[in-house]
Amino acid sequence: MFQPNMFDSGHHHLLDMGHKTPENEMDLIRDDEYESKSGTDIMEAPSGDDQDPNQRPKKKRYHRHTQHQIQEMESFFNECPHPDDKQRKELGRRLGLEPLQVKFWFQNKRTQMKAQHERHENTQLRNENEKLRAENIRYKEALSNATCPNCGGPAAIGEMSFDEQHLRIENARLREEIDRISGIAAKYVGKPMLSYPHLPAAASRSLDLGVGNFGPQTGLAGEVYGAADLLRSVSGPTDADKPVIIELAVAAMEELIRMAQTGEPLWVPSNHENVATEILSEEEYGRTFPRGIGPKPIGLKSEASRESAVVIMNHINLVEILMDVNQWSSVFASIVSRAVTLEVLSTGVAGNYNGALQVMTAEFQVPSPLVPTRENYFVRYCKQHTDGTWAVVDVSLDNLRPASVSRCRRRPSGCLIQELPNGYSKVTWVENVEIDDRAVDSIYKPLVNSGLAFGAKRWVATLDRQCERLASVLANNISAGDVGVISSPEGRKSMLKLAERMVMSFCTGVGASTAHTWTTLSGSGADDVRVMTRKSMDDPGRPPGIVLSAATSFWLPVPPKRVFDFLRDENSRSEWDILSNGGLVQEMAHIANGRDPGNSVSLLRVNSANSSQSNMLILQESSTDSTGSYVIYAPVDIVAMNVVLSGGDPDYVALLPSGFAILPDGPNNPATGIPEVGSGGSLLTVAFQILVDSVPTAKLSLGSVATVNSLIKCTVERIKGAVLGDGA
């Protein structure tokens with residue numbers, strides 16, 4: 001079944017090139033004409049026994065290719081830089097060259113392209129270093145020449161106090177910290193680059209499934225939907241704003257620490273609807289933090305929450321995830337639909353993120369078209385405190401954009417990370433925002449008002465689940481005897497990387513992101529089907545053509561766990577999956593992702609009565625925590641999955657994910673027994689992606705839309721009939 005040799009030739013080329021020194025590489029490249037050894041030259045080389053010790057070795061002869069041969073090979077190189085044996089033989093036959101000559105030419109060409117790329121990259125890095133040096137000088141001059149607008153004397157940048165009697169002590173300490181942050185840029189030289197505006201922003205870097213080792217992944221949904229362009233339309237801060245941003249970040253860090261560690265009267269215990277929770281006292285908050293981010297605009301309401309948990313990841317890796325926009329977007333894909341780092345003001349000191357400061361913009365979502373996303377423009381600041389605790393804080397910068405009208409502002413929010421033994425960490429998360437949520441659909445209002453939609457509990461639950469996912473991948477005690485369990489580390493790693501890309505693609509396309517527009521097909525009810533189209537071109541991770549996405553959200557008077565178990569179980573799949581034609585579904589492979597058996601990645605085979613679909617496989621990831629559950633799947637090609645299960649590159653497997661997001665309809669209160677929203681039922685979002693035409697330039701037909709609309713409505717009716725029937 002497996003075909004491990006499919007890409008052997010390409011791998012051998014990489015291995016051959018990997019052992020060459022730079023001098024040898026340059027020897028291979030001879031002018032732009034690409035001279036190569038001919039086949040006869042190689043055959044004529046005498047063996048050690050035949051050589052005459054008195055005879056001088058012959059000078060190597062080189063065969064100069066014709067202009068036609070070079071043009072043909074360059075044209076082929078543009079399409080396929082790593083030809084296999086069959087392709088080399090065919091190309092050599094057409095051009096009158098030996099396959100070995102073709103192989104050497106392609107090796108030389110790849111080496112030259114690599115050298116050119118490295119020279120260009122070095123130039124970019126030098127330019128960035130010069131830019132940082134110049135900015136550092138400007139910051140120092142601005143700080144040294146600052147004057148007080150009231151008295152005209154030298155300004156004490158960073159003045160702030162929480163109690164009048166401690167003002168002088170507080171000022172001195174904050175001035176010292178601001179000076180240290182402002183001078184960090186001078187120590188930048190020699191440190192790897194982070195995210196800058198000219199780089200492909202939000203190009204999702206997924207966890208490379210090794211502690212502290214995160215590799216890039218191509219084909220991110222943010223770019224598919226044009227998110228990078230939209231978010232980058234927000235300009236970075238001006239030079240005049242940067243001292244203000246530093247001051248705001250230091251104050252926000254101070255506030256976060258106190259918000260995370262203080263109890264009553266700032267946080268008041270509550271037992272709302274038999275659920276123990278904490279409520280922020282707005283009156284006490286205003287007294288404790290009088291400056292904040294300015295007065296609350298009319299129409300915005302406060303929403304604050306706090307949550308703690310112990311997670312199975314060390315503190316260094318947690319900090320790296322939070323400070324790298326790509327890893328942050330990947331780990332929190334269900335919450336962060338888009339994110340861009342606009343400018344890095346400081347990269348930190350001593351080779352870590354202590355003192356790192358960056359201006360960002362991000363969009364937060366609930367997986368449903370019925371809940372508007374929350375967009376924020378903010379600064380993120382990371383600091384290691386004297387007791388070893390790390391803290392990462394966000395605070396909105398909307399005051400620097402007076403012309404803009406914001407529907408959401410982030411008061412100081414973030415987390416404290418405390419190191420624990422054996423690679424564990426304690427995380428205390430604070431979410432504190434001002435929000436206009438009047439556009440939220442009525443069936444989602446109890447969920448949003450409870451804090452389960454955007455609050456600290458959802459962030460911590462998602463982080464805990466993702467840390468378990470990574471820990472399970474790194475486990476090396478997998479039994480090879482269990483049926484369907486993938487015991488090969490390389491196969492597990494590739495399959496999980498593919499599943500992660502599938503989940504990210506689903507999450508970024510199911511919400512109400514401003515990066516794409518949903519069109520409602522009919523009526524005005526909450527459960528109407530919404531559709532959108534996009535063209536897929538030149539993306540190896542997606543099939544080319546016109547893709548039609550359809551989604552609908554509705555309420556079910558059934559607990560979320562029952563809905564989740566029904567949808568993830570392959571034995572009940574034929575009850576709702578119309579495309580499987582009622583065929584038997586079998587689990588061929590399985591990877592456990594955590595303590596809960598619902599957290600897993602599976603490879604399913606559909607044994608359809610229709611012979612044309614007998615080769616269909618389905619990749620499925622199911623995940624669940626206290627704030628929500630997902631069942632996401634995509635049809636995959638058998639040949640491509642054989643490569644993945646053998647440890648091959650999963651980035652070239654075409655995926656069109658569909659699936660379900662299952663959320664509680666509010667705080668769980670089984671005592672009421674009233675069959676209405678907020679009584680322990682489920683909010684289910686069903687989303688499909690279907691390739692309606694394999695030609696990207698084709699026109700979308702109304703018939704295709706009608707077919708997808710009928711498909712999703714029929715699926716919804718089957719799900720309702722099955723789960724409501726079970727509950728009867």
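Predicted model: local features only at pLDDT ≥ 70, side-chain atom pairs only at ≥ 80, totals over all residues.
Residues are numbered from 1 along each chain as its sequence is written, and side-chain values use heavy atoms, with hydrogens and water left out.

**Stop 1: a buried pair**

Select R410 and E431. Their side chains form a salt bridge at 3.0 Å, N to O (the rule: a side-chain nitrogen of Lys or Arg within 4 Å of a carboxyl oxygen of Asp or Glu). R410 sits in strand 8 (residues 408–410) and E431 in strand 10 (residues 425–435), so the bridge ties together parts 21 residues apart in sequence. Helices (H or I, at least four residues) and strands (E, at least two) are DSSP runs, numbered from the N terminus. Are R410 and E431 buried or exposed? Both are buried (buried is under 20% relative accessible area, exposed over 50%, partly exposed in between, with a 1.4 Å probe and protein chains only).

While you're at it, pick E282, R409, R411 and E434: salt bridges link them in a network. The whole model has 28 salt bridges by this rule.

**Stop 2: helix 17**

Now go to D565, which has two partners to show. With K561 it makes a salt bridge whose closest N and O atoms are 2.7 Å apart; both residues lie in helix 17 (residues 560–568), four residues apart, about one turn of the helix. With R568, D565 makes a salt bridge at 3.4 Å between the closest N and O atoms, and here the two residues of helix 17 are three apart, again about one turn.

D565 is partly exposed at 27% relative accessible area, R568 is partly exposed at 24%, and K561 counts as exposed at 59%.

**Stop 3: the largest cavity**

Next, select A333, R465, Q466, V503 and E621. Of the 18 residues lining the largest cavity, these are the closest to its centre. The space inside is about 180 Å³, and the model has 14 cavities of 30 Å³ or more. On a 1 Å grid over the protein atoms alone, a cavity is a set of points where a 1.4 Å probe fits but cannot get out, and lining residues have an atom within 4 Å of a point. Grid points are joined across faces, edges and corners, and a volume is the space filled by probe spheres set on the points.

Which elements each supply at least two residues of this lining? Colour helix 13 (325–331), helix 15 (456–474), helix 16 (489–510), strand 16 (617–625) and strand 17 (628–636). Helix 16 gives the largest share, five residues.

**Stop 4: out to the surface**

Select V310, I312 and Y424, which make a nonpolar surface patch of about 230 Å² (patch residues have over 30% relative accessible area and no salt bridge, and nonpolar side chains, Val, Leu, Ile, Met, Phe, Trp and Tyr, are joined within 5 Å; areas are Shrake-Rupley with a 1.4 Å probe). V310 belongs to strand 3 (residues 301–311) and is partly exposed at 48%.

**Last stop: G647**

Finish in the loop between helix 18 (638–645) and strand 18 (658–664), where you'll find G647, partly exposed at 32%.

Definitions and conventions: 1 Å grid on protein atoms, 1.4 Å probe; cavity = no way out; pocket = protein on both sides within 12 Å on 5 of 7 lines; lining within 4 Å. Patch = residues over 30% accessible without salt bridge, like charges linked within 9 Å, V, L, I, M, F, W, Y side chains within 5 Å.
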